[in-house]
Amino acid sequence: MHWRGLTLTLLGGCLAVFLCSMPMQAGDDAPAPDPRTAPGTPTDPAIPGLDPTSEVSQAVGQLTRIYTYQELLEGVYVGSELCLACHPSFETWKGTKHARILRRPDREFSLMPGQGVVADYDRNGVDDFLQGLDFNQISSAFDRFKPNAPVLGFSGGQYTITIGELTMPVVATNGGNGVWKQRYLVRIPVTGTSDGLTRSNYVSPLQYNEAPGRWATYRTDAWYDGSNQPRYGAGTSVETVASQNHRDFSQRCIGCHTTGTRDIRRSAAGEWLFTPYQALLFDPDAPTTLDYDHDGNPDLVNIGCESCHGFGSRHILGGGDPSEIVNPSELSTEAANEVCGQCHARVESVPRGVFDWPILDDSKTPFVPGQGEDLEDYFTDNSARWPDGIHASLNHQQYLDFLESPKPGFQFHPVKCAECHDPHGATTNPRLIRDVLVEDGITIPTRVEDNSLCLACHAPHGPFEELTKQQIANLEQNAQEIEDVVEAHANHPYGPARLMGLDRCTECHMPRVAVSAVPYDIRSHVFDAIPPEQTLKYQEQGGMPNSCAVSCHSRKANVFGLGIDPDIGNWTQSFDRTTARILENYFGPGGIWWDTADADSATFENLLMSAHPEDAEAAPSPEEAGD
């Protein structure tokens, strides 16, 4: 870890001491100098036990070179590396997706999830950029754009994407952490700028879906016109790009992919120029060390400590005073959940809807956790939901789902996001699910796959009142008792750890109904079991999934002799309607397992016979099951 050669271990616990010893600079009431145009002179305070000419002192002086002392008192983001200097136990954060969303594309990290470019469509061990993949030469989702389909490349140490006449440098990757997808940020060659490139970064029309290993299109209308021809070519002006390309990362995305918003404004040409906070300590070789705004200085990109804990400068200037930093665990349930909700929500800024993250866009004032303000005052809901208006159909909506659930107002105790997720990454799974919970003084090892995560809280309440937390803490010794209780609740044979996930709490109460990369790869956070009647109720609106079908009775289980769903993304086919009607007999109005209303329901045999009167036991082919 370096500060122009500074070794992080030199910093140690001295940070608060030498920052507190900094004299106030003249001109504290003046605006912060722009480090690109007015670098100023570093302050070299006298630090007890440390050479005032050392690199550590010079690094500290850089704070007052970039910001006025008054700004530091009011609140400045200083970066996670400064936080970790005093709190090294949270180094696990570096392994989270939060810490590695945006990365500089370096060849040395090729095909390394969480570090480099991960695209390898033909699984030959060479990433598609290094291979020079030409979408004009293969059959793909880009066929309609031939002969101007994208061409991937690598030249002079730079990843590139060529569309028509323009070859664009890839300046950052977005995602590619081994689970969902990876996108690519580029600068577009234009006229009207000093270096011949756009100043902002634009999301290219390429998306690599990691699980299937396939390329997909992404917002191609920002890159191709109605005739499938490239919008931009040699001589395109920056004004043209700014007016036609609606995938400016600085307008659409950066607010949830960086630590703090220092400034954002529109250039005379119409581009959105985002000014991040500068990184003070950084590893120049790490792919997460990124100069987002192209001013020559590494920036605080990605979700760092201060994204959740608020400004670090006041905490440092206060000598580590805990009252000068936000501790989400001490916030109210509502405020603590807003810490996560500021990014895990599909929203528009207010009052004008300019940006796609919570910010007052008239004053450019972003939401800061723990400041006593309501997150909902900073956005309007722009979520994508199924026709019931409750369940998310797209990703980045977990917080809005959660608000629809009973969890924040749970009668036994209001639930916070961080009770199930560990934002510091001190877990063994990629989704930050806690592997240990302490409930009523009892330490409980937890996993989703064996229901212990859910039962750690739900025992001994409701249907699980016969179970104790001590039993959940000793799962193997109490396996039979737990199995009996859960089976009685779920009415299925117990096998949560098996591939089918029978009786696994999340398969019913957190079904995968939202889309990130492929249908369906994101779980609902409403925590209800979606009944089959919802699929039938909204047929005129395109239908919607139900927990039973989407989790098992479509792709996994052919219990009813209907075959396997030929199209999991279409909920209006005869397969889906017939399956829903059969499932209603168990979970629906008059259901024999879960009765959702006081009404009679047709029997299973009648439903099956009416669907296939010629032979109720014959399993139709997928073609016959579909419309």
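Which residues are buried in helix α10, residues 333–341?

In α10, the buried residues are Thr333, Ala336, Asn337, Glu338, Val339 and Gly341. As for what lies over them, the cover includes helix α8, residues 305–309, and helix α11, residues 398–404.

Now confidence. The protein has a mean pLDDT of 87, and 85% of its residues reach 70 or more. Two stretches are another matter. Over residues 1–50, pLDDT stays under 50, and the model has 117 contacts beyond four places in sequence for that stretch. Over residues 599–627, pLDDT again stays under 50, and here the model has 43 such contacts, beyond four places in sequence. Where pLDDT is low, predicted coordinates should not be read in detail.

Next, empty space. A probe the size of a water molecule, rolled over the atoms, shows where such space is left. The count comes to five cavities of 30 Å³ or more. The largest cavity has a volume of about 190 Å³. Its lining consists of 17 residues, and those nearest the centre of this cavity are Gly255, Thr258, Gly260, Gln342 and Phe367. By class, the lining of the largest cavity has ten nonpolar and seven polar residues, and no charged ones.

Last, the aromatic rings. The model has 24 aromatic pairs. One of them joins Phe142 and Phe145, with 6.3 Å centre to centre and 50° between the planes, so the pair counts as tilted, as it falls between the cut-offs of 30 and 60 degrees. Both partners are buried: Phe142 has a relative accessible area of 0%, and Phe145 has 1%.

Another pair, Phe274 with Tyr292, is edge-to-face, at 6.1 Å centre to centre and 90° between the planes. This pair links distant parts of the chain, 18 residues apart. Phe274 sits in strand β9, residues 272–275, while Tyr292 is in the loop between β9 and α8. Phe274 counts as buried because its relative accessible area, 4%, is under 20%. Tyr292 is buried too, at 3%.

Key. Residues numbered from 1 in each chain as written. Predicted model: local features only at pLDDT ≥ 70, side-chain atom pairs only at ≥ 80, totals over all residues. Heavy atoms only, no water. pLDDT = per-residue confidence, 0-100. Contact = heavy atoms within 4.5 Å. Buried < 20%, exposed > 50% of the residue type's maximum accessible area, 1.4 Å probe, protein only. Helix = DSSP H or I, 4+ residues; strand = E, 2+ residues; numbered from the N terminus. 1 Å grid on protein atoms, 1.4 Å probe; cavity = no way out; pocket = protein on both sides within 12 Å on 5 of 7 lines; lining within 4 Å. Points joined across faces, edges and corners; volume = space filled by probe spheres on them. Nonpolar A, V, L, I, M, F, W, Y, C, P; charged D, E, K, R; others polar. Phe/Tyr/Trp six-rings, centres within 6.5 Å; stacked < 30°, edge-to-face > 60°.
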